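Walk through the strand pairing, the nonpolar cores and a few individual residues of the structure shown here. Each term is given with its cut-offs where it first comes up.

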Amino acid sequence: MKLRFIYNWVLLVLGAGMLSFCTPVKNYNHMNISDLKLADKHASDKAVSAQQLFKATNNTATSLQILAGERLKEHTSPVPALLLCVEGEVHYGEPDGRNVRLLPGNYVLIEPDVVHFVDGIKSSQLVLFR
């Protein structure tokens, strides 16, 4: 149920242009996720970087950068999450064999307490919604 809520929240945020808190825009109807300029939020030489974009009472949006050939090491999340690829190409994997290739616009739903990792195939910008 919580995962469905996060998914709907992400669609609402991206679809309604509510990310205006990050980048001022004059016309909310023409906002694009590229307007966030995610790469500008990270040091260009840092292999893996995370910067919080937004924090609500029960949810967060975090910008992630993973450079080509680098790995966000195995970890778990205590809550459901949605990982959205904005730029580049990554491989999302779980030790039990689930493997997903993410290109711009692709996302993966991550269940709570599932061990997973993310490999940068190309230098990538992602947004993690939890």
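The charged end of Arg 71 sits over the ring of Phe 117, 3.9 Å from the ring centre; such a placement is counted if NZ of Lys or CZ of Arg is within 6 Å of the ring centre and within 35 degrees of the ring normal. The model is a predicted one, in which local features need pLDDT of at least 70, side-chain atom pairs count only at pLDDT 80 or more, and totals for chains, interfaces and linings use all residues. Residues are numbered from 1 along each chain as its sequence is written, and side-chain values use heavy atoms, with hydrogens and water left out.

Arg 71 also stands opposite Asp 119 in S7. Strands here are DSSP runs (E, at least two residues), numbered from the N terminus, and two of them pair if DSSP finds at least two bridges between them. Strand S3 (residues 71–75) pairs with S7 in the antiparallel sense over 3 bridges.

Which other strands pair with S7? S2 runs antiparallel to S7 and is joined to it by 6 bridges, with Ala 61 having Phe 129 as its bridge partner. Strand S4 (residues 81–93) is likewise antiparallel to S7, through 10 bridges; there Leu 83 has Leu 128 as its partner. Strand S7 itself (residues 116–129) is mostly covered, with 11 of its 14 residues buried, where buried means under 20% relative accessible area, exposed over 50%, and partly exposed in between (1.4 Å probe, protein chains only).

The nonpolar residues come next. A nonpolar core is a set of buried Ala, Val, Leu, Ile, Met, Phe, Trp, Tyr and Cys residues joined through side-chain atoms within 4.5 Å. The largest has 13 residues, and those with the most contacts inside it are Leu 83, Tyr 92, Leu 102, Val 108, Ile 110, Val 118 and Leu 126. At least two residues of this core come from each of S2, S4, S6 and S7, and S4 gives the largest share, 5 residues. A second, separate core of 8 residues includes Leu 38, Ala 61, Leu 84 and Phe 129. In soluble globular proteins, nonpolar side chains tend to be buried together.

Leu 102, not counting residues up to four places away in sequence, touches Leu 83, Cys 85, Gly 88, Glu 89, Val 90, Tyr 92, Tyr 107 and Val 108, contact meaning heavy atoms within 4.5 Å. A search of the whole structure finds 0 aromatic pairs.

Is Gln 65 buried or exposed? Gln 65 lies in strand S2 (residues 60–66) and counts as buried because its relative accessible area is 4%. Its side chain makes a polar contact of 3.0 Å with the side chain of Gln 125. Beyond four places in sequence, the contacts of Gln 65 include His 42, Lys 46, Ser 124 and Gln 125.

Two loop residues complete the picture. Asn 106 is in the loop between strand S5 (99–102) and strand S6 (107–110), and is partly exposed because its relative accessible area is 31%. Its contacts beyond four places in sequence are Leu 83, Leu 84, Cys 85 and Arg 101. Asp 113, in the loop between S6 and S7, counts as exposed because its relative accessibility is 57%. Phi of Asp 113 is near 60 degrees, a positive value in a residue other than glycine.

Notes. Helix = DSSP H or I, 4+ residues; strand = E, 2+ residues; numbered from the N terminus. Polar contact = N/O pair within 3.5 Å; in protein donor to acceptor, adjacent residues only side chain to side chain. Phe/Tyr/Trp six-rings, centres within 6.5 Å; stacked < 30°, edge-to-face > 60°.
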